[in-house]
Amino acid sequence: YFLSFSYDEGITEEKLLVDNIEIFDLNKKNNNSALNSIIDTFKLYKNKLIISVLPSNYKMYTDAFFSFFNKMEIIDKNVNFSDIVELISTLSKKEMKLFNELILAADISIEKVEYIEDFSKNKVFNLLSHYKINNNHSVMFSSISDSSGTQIFMAYIAKIIKLKKTGGILIIDEIDRSLHTLLSKSLITLFNATENKNIQLLTTSHDLELLDCLNLFRKDQIWFTYKDNKQVYFYSLNDFKPALDKQVRNKTMISYLKGTFGALPHPNIEEVFYED
């Protein structure tokens, strides 16, 4: 399935192919007059997807399409602690056991997390964190005692556990927020493991240290994004060949900061701040 759009023109391209056979193309005529009529009508709107209005005899294609997108799980920057508690509350007993094993393995000073149903009308107090510090055991409300990084880490692993069974795509905006580089790396390793057969991760990150984790990513898995006044540019590290630059996969972070791959900001705040 291909889709192209721009801010000014709306949808400029949309087409669906199944086993290399073209089902429809927004910009082409085909042998089905009914389908052509639908395309001619809806392409005028510039914001309507043709695939969402295909006739019932195309159901086999549209079902597969929507099933793919329905398996997407998104964790954005606006997730709050109530959302995290709600997510953890859906874990089964077996899943909660795995959740706590991962919490312990993360080395974030928590022995286990406990969800107590109906403990409080305010759901944020239904999650408790167990600590062992200097051989002293203590239990505190997770919403108060745990850092924002710990809380978002809980959301990540709860989502991953749910997807382990169903499969799907996990989309995370800035996976590294409030997390140590090694913890971010550990999370990403779950997806590139040979044991993972059905979960894909799409994430953004500003943690440049991840660029130099040679065994963490393939070159084609690292993409840079840059925008100017005209458009957004999106390109892969794989576009840069080692024959042209030996640093493409060696000291990648340093090469990036030198401008080898572009996609660099150009802040000038000091000059502006101290300008007379």
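My entries follow, grouped by topic.

**Entry 1: what I have here**

I'm working from a predicted model, not an experimental one. I keep that in mind for everything below.

**Entry 2: salt bridges**

How many salt bridges are there by the rule I use? The count comes to 10 salt bridges. I looked up a few of them.

I started with Lys77. Its side chain meets that of Asp173 in a salt bridge, at 3.9 Å from N to O. Lys77 sits in the loop between strand S4 (72-75) and helix H3 (81-89), and Asp173 sits in the loop between strand S8 (168-172) and H7, so this pair ties together parts that are 96 residues apart in sequence. For the record, H7 covers 181-192.

Next I checked how open the two partners are. Lys77 is partly exposed, with a relative accessible area of 48%. Asp173 is partly exposed too, at 26% relative accessibility.

Then I looked at Lys77 again, with Glu174. The two side chains meet in a salt bridge with an N to O distance of 3.8 Å. Glu174 is in the loop between S8 and H7 and Lys77 in the loop between S4 and H3, so this pair ties together parts that are 97 residues apart in sequence.

I moved on to Lys162, which forms a salt bridge with Glu95, the closest N and O atoms being 3.5 Å apart. This pair links distant parts of the chain: I find Lys162 in helix H6 (residues 148-166) and Glu95 in helix H4 (residues 93-105), 67 residues apart. Are the two partners buried or exposed, or something in between? Lys162 is partly exposed, with a relative accessible area of 27%. Glu95 is buried, because its relative accessible area of 15% falls under the 20% cut-off.

Which residues do shared partners join into one network? I noted Lys77, Asp173 and Glu174, joined by salt bridges that share partners.

I looked up Asn196 next. I find Asn196 in the loop between helix H7 (181-192) and strand S9 (199-203). At 19% relative accessibility Asn196 counts as buried, because the cut-off is under 20%.

What does the side chain of Asn196 reach at 2.8 Å? I get the backbone oxygen of Phe191. A polar atom of the Asn196 side chain also lies 3.4 Å from the backbone nitrogen of Asn198.

Most residues other than glycine have a negative phi, so I went looking for exceptions.

I wrote down Asp19, which has a positive phi of about 55° although it is not a glycine. Asp19 lies in the loop between strand S2 (10-18) and strand S3 (21-25). Asp19 counts as exposed, at 71% relative accessibility.

I also wrote down Asp118, another non-glycine with a positive phi, of about 60°. Where does Asp118 lie? I find Asp118 in the loop between strand S5 (112-115) and strand S6 (127-133). At 61% relative accessibility, Asp118 counts as exposed.

**Entry 3: surface patches**

Which residues form the negative surface patch? I get Glu270, Glu271, Glu275 and Asp276. I took a look at Glu271, which is found in helix H9 (residues 269-273). Glu271 counts as exposed, because its 54% relative accessibility is over the 50% cut-off.

I then turned to a nonpolar surface patch. Tyr1, Leu3 and Phe5 make this patch, and I have its area as about 300 Å². Leu3 is found in strand S1 (residues 2-6). At 36% relative accessibility, Leu3 counts as partly exposed.

**Entry 4: a distance across the model**

I find Met60 in helix H2 (residues 59-70), and Met60 counts as exposed at 59% relative accessibility.

Definitions and conventions. Residues numbered from 1 in each chain as written. Predicted model: local features only at pLDDT ≥ 70, side-chain atom pairs only at ≥ 80, totals over all residues. Heavy atoms only, no water. Patch = residues over 30% accessible without salt bridge, like charges linked within 9 Å, V, L, I, M, F, W, Y side chains within 5 Å. Areas by Shrake-Rupley, 256 points an atom, 1.4 Å probe, with all protein chains shown as cover. Salt bridge = Lys/Arg side-chain N within 4 Å of Asp/Glu carboxyl O. Lys, Arg positive; Asp, Glu negative; His and termini not counted. Charge placed at Lys NZ, Arg CZ, Asp CG, Glu CD. Helix = DSSP H or I, 4+ residues; strand = E, 2+ residues; numbered from the N terminus. Buried < 20%, exposed > 50% of the residue type's maximum accessible area, 1.4 Å probe, protein only. Polar contact = N/O pair within 3.5 Å; in protein donor to acceptor, adjacent residues only side chain to side chain.
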